[in-house]
Amino acid sequence: MPISHLEHFLLQTDDIDRTCDWYVEVLGFHVGPSPDFKFPVKWLYLGERDVIHVCEGGKGVSDARKRYLGQQSEDLHGSGVIDHVAFRCTGLDDMIARLKAAGVEFNERRVDNEALYQLFLFDPNGVK
């Protein structure tokens with residue numbers, strides 16, 4: 001199986017700094033580098049690994065965020081604030097073939113100037 005581990009989850013919030021400050025001050029995460037997605041986002045790390053991504057959420061998100069991630073929920077509280085759960089994979093071509101063979105629709109994204117290639121898809125429960 002090409003999936004090796006849980007990569008991160010993304011929280012959507014109306015106050016990125018306040019959310020990040022809480023994870024830093026209360027749980028010991030630290031803010032680290034993140035790619036330029038053309039919308040506000042901060043990555044929180046444990047050691048060398050980014051574990052939580054925090055971005056704008058709610059009704060007024062930017063068009064850039066909607067183009068890149070879509071928006072399945074406008075929630076700012078509760079489990080609806082989790083926009084997606086990401087897994088680290090190897091073998092991009094094999095994974096794409098596997099998804100196509102299973103009839104799973106997906107969107108492909110590559111972050112500009114980064115070696116970050118992403119596939120976005122939904123499980124049977126609508127979880128991205």
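Student: Okay, so strands are DSSP runs of E with at least two residues, numbered from the N terminus. With that in hand, which element gives the largest share of the lining of the largest pocket?

Tutor: That would be β5, with six residues. Keep in mind that this is a predicted model.

Student: Got it. What volume does the largest pocket have?

Tutor: About 920 Å³. There are 34 residues lining this pocket, and the closest to its centre are Ala86, Phe87, Arg88, Cys89 and Leu119.

Student: And which elements give two or more residues to that lining?

Tutor: Besides β5 (82-89), they are β1, β4, α3 and β7 (117-120).

Student: Is Cys20 buried or exposed?

Tutor: Buried, because its relative accessibility is 1%. Cys20 is one of the buried residues of α1, along with Ile16, Thr19 and Tyr23.

Student: How do those buried residues sit around the helix?

Tutor: Looking down the axis of α1, they fall within an arc of 95°, so they line one face.

Student: What do the buried residues of α1 pack against?

Tutor: Four strands: β1 (3-13), β2, β3 and β4 (49-56). On the other side of α1, Arg18 and Glu25 are exposed.

Student: How far does α1 reach from end to end?

Tutor: Helix α1 covers residues 16-27, twelve residues, and spans 16 Å from its first C-alpha to its last, close to the expected 16 Å. Just after α1 comes Gly28, with a positive phi of about 85°.

Student: Which residue has a positive phi although it is not a glycine?

Tutor: Lys38, at about 70°. Lys38 belongs to the loop between β2 (30-32) and β3 (41-46). Lys38 counts as exposed because its relative accessibility is 52%, and the cut-off for exposed is over 50%.

Student: New topic! How many cavities of 30 Å³ or more does the structure hold?

Tutor: One. The largest cavity has about 60 Å³ of space. Its lining includes His8, Phe37, Trp43, Tyr68, His84 and Phe120.

Student: Which elements each supply at least two residues of that cavity's lining?

Tutor: They are β1, β3, α2 (63-69) and β7.

Student: Last one: where is Ile96 found?

Tutor: In helix α3, residues 92-101. Ile96 counts as buried because its relative accessibility is 14%, below the 20% cut-off.

Student: And what is Ile96 in contact with, leaving aside neighbours within four places in sequence?

Tutor: Phe106, Glu108 and Leu119. Phe106 is ten residues from Ile96 along the chain, and their C-alpha atoms are separated by 8.8 Å.

Terms used. Residues are numbered from 1 along each chain as its sequence is written. This is a predicted model: local features need pLDDT of at least 70, side-chain atom pairs count only at pLDDT 80 or more; totals for chains, interfaces and linings use all residues. Side-chain values use heavy atoms; hydrogens and water are left out. Buried means under 20% relative accessible area, exposed over 50%, partly exposed in between (1.4 Å probe, protein chains only). The expected span of a helix is 1.5 Å times one less than its number of residues. The arc is that of the directions from the helix axis to the C-beta atoms. Contact means heavy atoms within 4.5 Å. On a 1 Å grid over the protein atoms alone, a cavity is a set of points where a 1.4 Å probe fits but cannot get out, and a pocket is an open set with protein on both sides within 12 Å along at least five of seven lines; lining residues have an atom within 4 Å of a point. Grid points are joined across faces, edges and corners, and a volume is the space filled by probe spheres set on the points.
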